[in-house]
Amino acid sequence: MIRCGIGYDVHRLAKGRKLILGGVEIAHSHGLAGHSDADVLSHAIADALLGALAAGDIGQHFPNTDESIRGISSIDILRRIHALLTKRQARVINVDATILAEAPKIAPHIPTMQKIVAQAIGVDESRIGIKATTNEGLGAIGRGEGIAAMAVATVDVGGRDRRARRKTNGRPGGLSLPNLPAPRSCYSERSEESLNRF
């Protein structure tokens, strides 16, 4: 069963903090404030993966009231979520994410981010899409007060559910598809002639 999840995160920029995005430390005058390393990209991806599993959000699994995880690497959070995916016999098909930041320049760091995130969630880096854009000077992001990220994850939650369907399909107590007549094609020479007019 193919399922999708959406993730979004935003953090304020603050002095005295490292700026970490996608597991990459980027030189900048400010970093992101948060209970963990405040890596908004990894947080957005984490929420997207959890959403695909209908397994809550990052705040439920890693609450900011838990002092034992203060300063935790968000890449480590992704590794733990990957372990949850594996436990539920799910695999990541792909992730697509966008970072919204007025500064610094993100593009030079994207290939490294893709590699680190891919390793954390157990997929080839070709399955990780990361983009960056500005907010055109609009709002808090545009004023350089923070950085945000959004992500979509596609996950194959197969495993046990798929095997269960195979075992019960067409047997007593299981669901089976009715025998339906073959669908009639809506294609005809006349329809082709109509299309050729345009």
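Methionine 150 sits in strand 7 (residues 146-157) and is partly exposed because its relative accessibility is 39%, the cut-offs being under 20% for buried and over 50% for exposed, with partly exposed in between.

The model is a predicted one, in which local features need pLDDT of at least 70 and side-chain atom pairs pLDDT 80 or more, while totals for chains, interfaces and linings use all residues. Residues are numbered from 1 along each chain as its sequence is written, and side-chain values use heavy atoms, without hydrogens and water.

Turning to the overall fold, the chain contains 7 helices and 7 strands, taken as DSSP runs (H or I, at least four residues, for helices; E, at least two, for strands) numbered from the N terminus. Along the sequence, their order is β-β-β-β-α-α-α-β-α-β-α-β-α-α. Of the 198 residues, 38% count as buried.

The structure holds 5 salt bridges, each defined by a side-chain nitrogen of Lys or Arg within 4 Å of a carboxyl oxygen of Asp or Glu. One of them pairs arginine 91 with aspartate 156, with 3.6 Å between the closest N and O atoms. This pair links distant parts of the chain, 65 residues apart, from strand 5 (residues 90-100) to strand 7. Arginine 91 is partly exposed at 46% relative accessible area, whereas aspartate 156 is buried at 8%. Another salt bridge joins aspartate 96 to lysine 131, the closest N and O atoms lying 2.6 Å apart; here strand 5 is linked to strand 6 (residues 128-133), across 35 residues.

Finally, the largest pocket holds about 270 Å³ of space. Of the 15 residues lining this pocket, His11, His43, Ile58, Phe62 and Asn64 are the closest to its centre. A pocket here is an open set of points on a 1 Å grid where a 1.4 Å probe fits, with protein on both sides within 12 Å along at least five of seven lines, and lining residues have an atom within 4 Å of a point. Strand 1 (2-14), helix 1 (40-53) and helix 2 (58-61) each supply at least two lining residues, and strand 1 gives the largest share, 3 residues.

Definitions and conventions. Grid points are joined across faces, edges and corners, and a volume is the space filled by probe spheres set on the points. Buried means under 20% relative accessible area, exposed over 50%, partly exposed in between (1.4 Å probe, protein chains only).
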